[in-house]
Amino acid sequence: MRSGIIFDERDHSYILSGDDFQQSDDGTTKKSNVSSAAGLNSFREQCGKIINNDITQKLIVAVIIFNSILLGFEAFDFVGRNPNVQHAFDVLDFLCLTFFTVEIGMQFIYRRWEMCNDPWLIFDFAIVMVSWMSHSLEGGKAFRIIRALRIVMRMHDLKELVEALIICIPSIFAVGMLLMLILYIYGVMFTLLFENLYEDGYLDEDYFSRLDYTLFTLIQMMTMDNWSSITKQVMVVYPWAWFPFILYILVTTFIILNLAVGVISSAVASVSHDEIETHLKQVSSEFEDRNDMTIRSLERKVDDLTFMIEKLLRERDESRRELPLPEHNLLASSSEIKRDDHTF
């Protein structure tokens, strides 16, 4: 006997093949393994309905927010100094983590291995696993706060922003490479020009004696931190030093960083535009499907009416052939007979 239970990946359900029924010795028909498959399918569907319900999703968001606040309070002294309070916080944290684990388990039961096709569910699974591992690691409490990132996939705006950042990674990488090139050029140039100023006592700190020191100083100046003080100290020896420093500030702060911001903004706008287009296509497709269904329904009705009309016409013709001559025809025939008799 061949098994007839097949898993349909399109709607996450089991279907029965034509050979799923077998004949018993007394001629009665019974289903093979249907009860267990139907029970498993029903359980999976119930898990999907529960975990994807709007109320459940709102509850998950609430638990994530509560757990994040809980972990934030653990950073205060009144929790660590009181063993009872610390134990209560640990129990609540364990319950929250258990809740997240049950959620991921129900998602896996419902979606099975198709869960691997959803990067956000994989992200959730990874965070939960890291949270469990952090319990057995020294200093692992510091990593439990990453669970707050799970709220990203539950909030549409945050999810859209993260997707935009992922899309624009190649462009940001290109901007970063350009920035690193500018930093390296200025780092080598400033190191060769100003490497002896600290030894000569013109600088209050060692900013330019080595390339790594110079690169750190340039990153500090790029954030507009104390750049004017460093420039003025260098200008005591080199009065023209204001020009390369100001040029560096203009290039890095006002051009490169703004370019990165522009790339991210463009990506966010592109994601929003794509989402709007997708929604419009979906609405248009639904409208076209409805129109097609309406047209097909009207065509079927027209065909039915045409068939009925043709049937009525055939019945009328048949009835005319079967009925006797009408009364006026009989009168005409009798008058003709009378005329013939009068002639004779």
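What follows is a set of questions and answers on a predicted model.

Modeller: The model is predicted, so local features need pLDDT of at least 70 and side-chain atom pairs count only at pLDDT 80 or more, while totals for chains, interfaces and linings use all residues. Residues are numbered from 1 along each chain as its sequence is written, and side-chain values use heavy atoms, with hydrogens and water left out.

Colleague: Which helix supplies the largest share of the nonpolar patch?

Modeller: Helices are DSSP runs of H or I with at least four residues, numbered from the N terminus. A nonpolar patch joins Val, Leu, Ile, Met, Phe, Trp or Tyr side chains within 5 Å, from residues with over 30% relative accessible area and no salt bridge (a side-chain nitrogen of Lys or Arg within 4 Å of a carboxyl oxygen of Asp or Glu). Here α4 (83-111) and α5 (119-134) each supply at least two residues. The largest share, 5 residues, comes from α5.

Colleague: Is L92 buried, partly exposed or exposed?

Modeller: L92 lies in helix α4 and is one of the residues of the nonpolar patch. Buried means under 20% relative accessible area, exposed over 50%, and partly exposed in between, with a 1.4 Å probe and protein chains only. L92 has a relative accessible area of 34%, so the residue is partly exposed.

Colleague: Why is the pair of F190 and F194 called tilted?

Modeller: Rings of Phe, Tyr and Trp (its six-membered ring) pair if their centres lie within 6.5 Å; planes under 30 degrees apart count as stacked, over 60 as edge-to-face and the rest as tilted. The structure holds 18 aromatic pairs. In this one the ring centres of F190 and F194 are 5.5 Å apart, and the pair is tilted because the planes stand at 45 degrees.

Colleague: How many residues apart in sequence are the parts that F190 and F245 tie together?

Modeller: F190 and F245 form a tilted aromatic pair, at 4.7 Å centre to centre and 40 degrees between the planes. Both residues are buried. F190 lies in helix α7 and F245 in helix α10 (residues 242-322), so the pair ties together parts whose separation in sequence is 55 residues.

Colleague: The ring of which residue lies under the charged end of R210?

Modeller: A charge sits over a ring if NZ of Lys or CZ of Arg is within 6 Å of the ring centre and within 35 degrees of the ring normal. The charged end of R210 is 4.4 Å from the centre of the ring it sits over, which belongs to Y213.

Technical notes: Patch = residues over 30% accessible without salt bridge, like charges linked within 9 Å, V, L, I, M, F, W, Y side chains within 5 Å. Areas by Shrake-Rupley, 256 points an atom, 1.4 Å probe, with all protein chains shown as cover.
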